[in-house]
Amino acid sequence: MIIDVHGHYTTAPPALGAWRDLQVAALQQPEQRPDPRSLRISDDEIRDTIERNQLAKMRERGSDLTLFSPRASFMAHHIGDFRTSSDWAAICNELCARVSQLYPQHFVPVAMLPQSPGVDPATCIPELERCVRDYGCVGLNLNPDPSGGHWNSPPLTDRHWYPIYEKMVEYDIPAMVHVSTSCKACFHTTGAHYINADTTAFMQLLQGDLFADFPTLKFLIPHGGGAAPYHWGRYRGLAQELKKPLLQQHLLGNVFFDTCVYHQPGIDLLTRVLPVANILFASEMIGAVRGIDPETGHAYDDTKRFVLATPHLNEADRFQVFEGNARRVFPRLDATLKAQGR
């Protein structure tokens, strides 16, 4: 199977964005706060957006299954308060769950958390429990910077985050470390803020000893790991200066990377530097980079093509990148697929 571990509902029906606009506008007039039950999106509207977009490209490019979460830039945890995020997360998670219910052979849901700046992460637990229990979510997206670029939350290794980690361990689900919209003009959302966050998360984990407390905790750092693979020697050297174990022992039993890298040299470097066991196939298609590369004539986010072409993987390696590693890192996904006879 070709399992894409990084997909977002970026093509959701317009009614979703319209409801969000009402919610944001009501922050100045709380009495105008829209009721989540007022949002009406039919199954046919969902089918239309999925079949013309994500599913069409999956069939065209030859992928089988996508782990599907709400649109990352729409999470916008810095907007409003906890109730704002709670209502918004519940709506977005339900919508992704409905996609997976309509297309169970092609989509499996991943949860968005109702994070809010300065709010105890434990407040996210009820929504996470609901998503796993009622929707069959196999993972979650964790925003290390719910402030939208101000970075006023403690590092991921701080006990501040432990309530979420404890629930992740209980459910045996990994977290993709994924920020949302940047509200600072100096950080472009997808070109800078996302990559900055990937790199920052990796360095925070390197500096700490989180996995001594949570030996089975698993993180997926998207977008190829930000700067980490490109500067692997730097991080090996920093670990040494900080008196940490070798990265293989310190982090790579718990930290994984996806293939959302949009050119062949980038995938070649990723697969040369990192162990095969730590690389999971992903494309984030219809996401940050949607155009056609004039040098190749193919879509930038058609990452399967790069994985097939790299000289650093053999067929056994490619099986791990495309399927085996996803089943291992996402045990609930593996159980879901086995229940389907796959």
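How much space lies in the largest pocket? About 380 Å³, keeping in mind that this is a predicted model. To find the spot, select Ile195, His223, Cys260, Val261 and Tyr262, which are the closest to the pocket's centre among its 20 lining residues. Now colour helix 8 (189–207) and helix 12: these are the elements that each give two or more residues to the lining. By type, the lining splits into 12 nonpolar residues, seven polar and one charged.

Stay on helix 12 (residues 264–273) and show Gly266, Ile267, Asp268, Leu270 and Thr271, which are buried. Those buried residues pack against strand 8 (255–258), strand 9 (279–280) and helix 13 (303–309).

Six strands make up an open sheet with parallel pairing, in the order 4-5-6-7-8-9. Strand 4 (111–112) and strand 9 sit at the edges with a single partner strand each, so one side of each has no neighbour in the sheet. Zoom in on strand 5 (residues 140–142) and strand 6 (residues 175–177), joined by three bridges; Asn141 has Met176 as its bridge partner.

Last stop: the second largest pocket, with about 220 Å³ of space. Select Arg236, Pro245, Leu246, Leu247 and Gln248 to land nearest its centre. Helix 10 gives the largest share of that lining, five residues.

Conventions
Residues numbered from 1 in each chain as written. Predicted model: local features only at pLDDT ≥ 70, side-chain atom pairs only at ≥ 80, totals over all residues. Heavy atoms only, no water. Buried < 20%, exposed > 50% of the residue type's maximum accessible area, 1.4 Å probe, protein only. Helix = DSSP H or I, 4+ residues; strand = E, 2+ residues; numbered from the N terminus. Contact = heavy atoms within 4.5 Å. Pairing = 2+ DSSP bridges. 1 Å grid on protein atoms, 1.4 Å probe; cavity = no way out; pocket = protein on both sides within 12 Å on 5 of 7 lines; lining within 4 Å. Points joined across faces, edges and corners; volume = space filled by probe spheres on them. Nonpolar A, V, L, I, M, F, W, Y, C, P; charged D, E, K, R; others polar.
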